[in-house]
Amino acid sequence: MSLPRGRHRFSGSIAGVGSSSGTRIVVGRWERSPLGAFADVMLAEPDGTRVLLAPSDEIAELVSATYRFDRVEIGEVTAQIDADTWRVRAPGLDLDFTVGSRSALGWLLRLVPRRLATAQGWTRLTDPVARLVLHGVRTRGTAGNDRREYYGATDLRRITGLAGTWQGRELGRLAAVSPEPAFGFGSTPERPSVTELVTTIDFPQRTGPGSH
């Protein structure tokens, strides 16, 4: 089942980490969405190969139509939080990382009323600031298949360490998310972090003959 055309909102967290092995990982943990609660992983290998790890064909279809991947793998994906530790399990991936204190930007984000912070219009102000302060980050842009996407961030915390393996190989120690994985029009912050946010995606409306 594909999502109907129109506006859809996904509320949760995105975690971005780099590793000394060169693998860069972005984990989405969505508590509320049109598809229910789910987790997914976007992973860039050291050679630049982009992999989507998704829990179902339906979610893989949605994410791969919005972002760019060279390979898609379907299987159980979980992102459990135990105190300050995220435990992420997905096909070929075992990843644990620890979350530290709120950043200065995170404290600023907490000052903005949630209703304003997650409104599409607010991104007209936050997008130029994000580009300046966080290299590669965008809060609005054109996603795949003519979709418009908006990121309304409400908090930002630092990631302080990681451990894990990808396809049986050690990821190594925590590193910057660099080079940019290039999954879509914007990137996760270069400094490993967890962002709480609401993502809004506008699916284009049909026009002309055959419209409903």
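Figure 1. Trp30 is buried, at a relative accessible area of 10%, where buried means under 20% relative accessible area, exposed over 50% and partly exposed in between, computed with a 1.4 Å probe on protein chains only. The model is a predicted one, in which local features need pLDDT of at least 70 and side-chain atom pairs count only at pLDDT 80 or more, while totals for chains, interfaces and linings use all residues. Residues are numbered from 1 along each chain as its sequence is written, and side-chain values use heavy atoms, with hydrogens and water left out. Phe10 is likewise buried, with a relative accessible area of 4%. Three aromatic pairs are found in a search of the whole structure, a pair being rings of Phe, Tyr or Trp (its six-membered ring) whose centres lie within 6.5 Å, with planes under 30 degrees apart counted as stacked, over 60 as edge-to-face and the rest as tilted. One of them joins Phe10 and Trp30 in an edge-to-face arrangement, with 6.3 Å from centre to centre and 75° between the planes. This pair links distant parts of the chain, since Phe10 belongs to strand β1 and Trp30 to strand β2, 20 residues apart; strands (E, at least two residues) and helices (H or I, at least four) are DSSP runs numbered from the N terminus.

**Figure 2. The aromatic pair of Phe69 and Phe183.** The ring centres of Phe69 and Phe183 are 5.8 Å apart and their planes meet at 35°, so this pair is tilted. Distant parts of the chain are again linked, with Phe69 in the loop between α1 (57-66) and β5 (71-74) and Phe183 in the loop between β12 (174-175) and β13, 114 residues apart. Both Phe69 and Phe183 are buried.

Figure 3. Ala44 lies in strand β3 (residues 38-44) and counts as buried because its relative accessibility is 0%. Neighbours within four places in sequence aside, Ala44 is in contact (heavy atoms within 4.5 Å) with Gly22, Thr23, Arg24, Thr49, Arg50, Pro181 and Phe183. The C-alpha atoms of Ala44 and Pro181 are separated by 5.8 Å, although these residues are 137 residues apart along the chain.

Figure 4. Ser19 is part of strand β1 and counts as buried because its relative accessibility is 7%. A polar atom of the Ser19 side chain lies 3.3 Å from the backbone oxygen of Leu171. Not counting residues up to four places away in sequence, Ser19 touches Leu162, Leu171, Arg173 and Ala175.

**Figure 5. The second largest pocket and its lining.** The second largest pocket holds about 280 Å³ of space. A pocket is here an open set of points on a 1 Å grid over the protein atoms alone, where a 1.4 Å probe fits, with protein on both sides within 12 Å along at least five of seven lines, and lining residues have an atom within 4 Å of a point. Its lining comprises 20 residues, with Ser13, Ile81, Trp86, Val194 and Glu196 lying nearest the centre. At least two lining residues come from each of β1 (6-19), β2 (24-32), β8 (93-102), β10 (148-166) and β13 (193-203), and β10 gives the most, with four residues. By class, the lining has seven nonpolar, five polar and eight charged residues.

Notes. Points joined across faces, edges and corners; volume = space filled by probe spheres on them. Nonpolar A, V, L, I, M, F, W, Y, C, P; charged D, E, K, R; others polar. Polar contact = N/O pair within 3.5 Å; in protein donor to acceptor, adjacent residues only side chain to side chain.
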